[in-house]
Every structure is written in structure tokens, then in C-alpha cells.
Amino acid sequence: MKKYWPAAVGGVAVVAAVAIAAPSAVGAPTGTRAAAETRTATTAATAPQATAKAPAATPAAAPAPAKAPVRTVRPGQRVDAGRGFTVWLTREGKHWTGPDGYENFRSVVDGNIDRSEPGVSHQSEGDATGVFHSGLYYGTRKAGRVELTDAEGHRTVATLVALPGRPDWGVWYAHTPAAGNGGGSLGVTLYDRAGRLLAELPAFDFPTGRG
């Protein structure tokens with residue numbers, strides 16, 4: 001902005017033009033520099049803030065697959081049933097031997113069992129050191145568990161084996177301590193995979209031996 005003041009110089013009025021610049025703050029940016037700094041400040045204010053990276057989540061361990069309730073074995077495959085006993089299956093039925101090496105057989109095709117409905121059988125042999133129990137389960141493709149129950153209510157869960165292809169029969173076996181009569185008074189119960197009762201063989205006294 002310009003202002004004019006009259007001045008007398010030698011009696012002659014002289015108009016002097018004096019340019020007065022508007023005062024500015026000390027150190028304040030001017031011109032292009034000020035615009036650049038303004039833009040820089042604006043950019044800094046509007047730039048998105050960096051987001052802290054979250055640590056990668058550790059995937060949960062996959063649960064172990066449930067153990068199959070029935071072990072599948074090949075025809076004629078020997079299964080170590082413990083304490084000197086061996087079990088194997090053929091298309092005709094159940095075979096087993098004890099410590100004495102004597103071979104036993106229980107047929108599933110001779111008509112002595114009715115495979116049209118669930119059922120279970122029981123054979124046992126042993127001595128003062130313990131009793132080996134085994135039998136057939138049949139009439140179902142959904143077998144899940146076989147239990148032996150003694151007179152005092154103690155339960156023993158048997159091992160189940162079957163041939164490939166989900167046949168409607170298989171074999172179970174278990175060991176129990178020796179009883180006073182060599183293994184009697186044990187009930188045998190067959191359940192499906194959902195825990196439902198399929199068949200039961202009531203407890204009764206019988207002499208230990210090959211049955």
C-alpha cells in the first residue's frame with residue numbers, strides 16, 4: 001500500500017511516494033516457501049496413520065481322529081490277543097488258539113447262529129492266572145462296543161475285529177482275572193456306535209474250557 005505526504009523542500013511542495021510494506025511476523029514463511037510448507041503440513045495431517053500389523057494367528061491343532069471301534073483284519077491274519085492267545089478270522093468264522101496251541105473254531109455259516117438280528121456269543125478258557133473270553137457278534141454292521149460285566153458290576157471292554165467290507169459279523173475278545181468258578185457269571189452286552197443296546201447274553205455260571 002502506498003501513502004503520500006506533502007513535504008516542503010525549498011518552499012516547493014514535493015509529494016514523496018513512500019512504499020510501506022505491511023509488517024510480517026518474524027520468521028514467518030512467505031511466498032512459494034509458505035505455500036510449500038502449507039501443502040506439506042496439509043499432507044501430513046491428512047495422510048493415513050500406519051496401522052500396527054497384528055501378529056499372525058497360530059492355527060489350532062486339528063483334533064486327533066477318533067479311534068475306530070472295530071479293527072479291520074485280513075482273512076487269516078493272526079491277531080495277538082495277549083497272554084499267549086491268538087485270534088484270526090476267515091469267511092467261515094472265528095478261529096483262535098491258546099498257550100497250549102490247540103486250535104478252536106466257531107462257525108458263522110453252519111446255521112447255528114441267526115444273523116438276521118443282532119446277537120452275541122461267548123466262549124472262555126483260562127486258569128488261576130486269568131481267563132480269556134471271546135465270541136462272535138453278528139446281525140449288525142453298526143457294532144461299537146462289547147462289554148463283559150461280572151456279578152459285582154465290574155465292566156471289561158472287549159476288543160473288536162472284523163473282516164474288510166463291513167460284514168454283519170465280527171469277533172470280540174477280552175481278559176479278566178480268574179473267578180472262583182473259572183470265568184462264569186459274566187454277562188456280555190453288545191452296543192452300537194451310538195451306545196444303544198443291540199443284544200445281551202445274561203450272566204450264568206459255566207465251567208472254564210473250550211466252548
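**A first look at the fold and its charged side chains**

Welcome to this protein, which has one helix and 16 strands. What you see is a predicted model. Of its 211 residues, 33% count as buried.

**Overall picture**
- Among contacts with a separation of 6 or more, 51% are between residues 24 or more positions apart.
- The protein has an accessible surface of about 13600 Å², and carbon and sulfur atoms hold 56% of that area.

**Salt bridges**
- Side chains of opposite charge can pair when their charged atoms come close.
- There are four salt bridges in the structure.
- One of them joins the side chains of R115 and D168, with an N to O distance of 2.6 Å. This pair links distant parts of the chain, 53 residues apart: R115 lies in the loop between strand 7 (103-107) and strand 8 (119-120), and D168 in the loop between strand 13 and strand 14.
- R115 is partly exposed at 29% relative accessibility, while D168 is buried at 15%.

- R145, E147 and R155 are linked in a network of salt bridges.
- E147 pairs with R145 at 2.9 Å between the closest N and O atoms, and with R155 at 3.4 Å.
- E147 is buried, with a relative accessible area of 8%; R145 is partly exposed at 28%, and R155 is exposed at 57%.

- R166 sits in the loop between strand 13 (159-162) and strand 14 (169-176), and is exposed with a relative accessible area of 53%.

Key: Residues are numbered from 1 along each chain as its sequence is written. This is a predicted model: local features need pLDDT of at least 70, side-chain atom pairs count only at pLDDT 80 or more; totals for chains, interfaces and linings use all residues. Side-chain values use heavy atoms; hydrogens and water are left out. Helices (H or I, at least four residues) and strands (E, at least two) are DSSP runs, numbered from the N terminus. Buried means under 20% relative accessible area, exposed over 50%, partly exposed in between (1.4 Å probe, protein chains only). Contact means heavy atoms within 4.5 Å. Accessible areas come from the Shrake-Rupley method with a 1.4 Å probe; for residues, only the protein chains shown count as cover.
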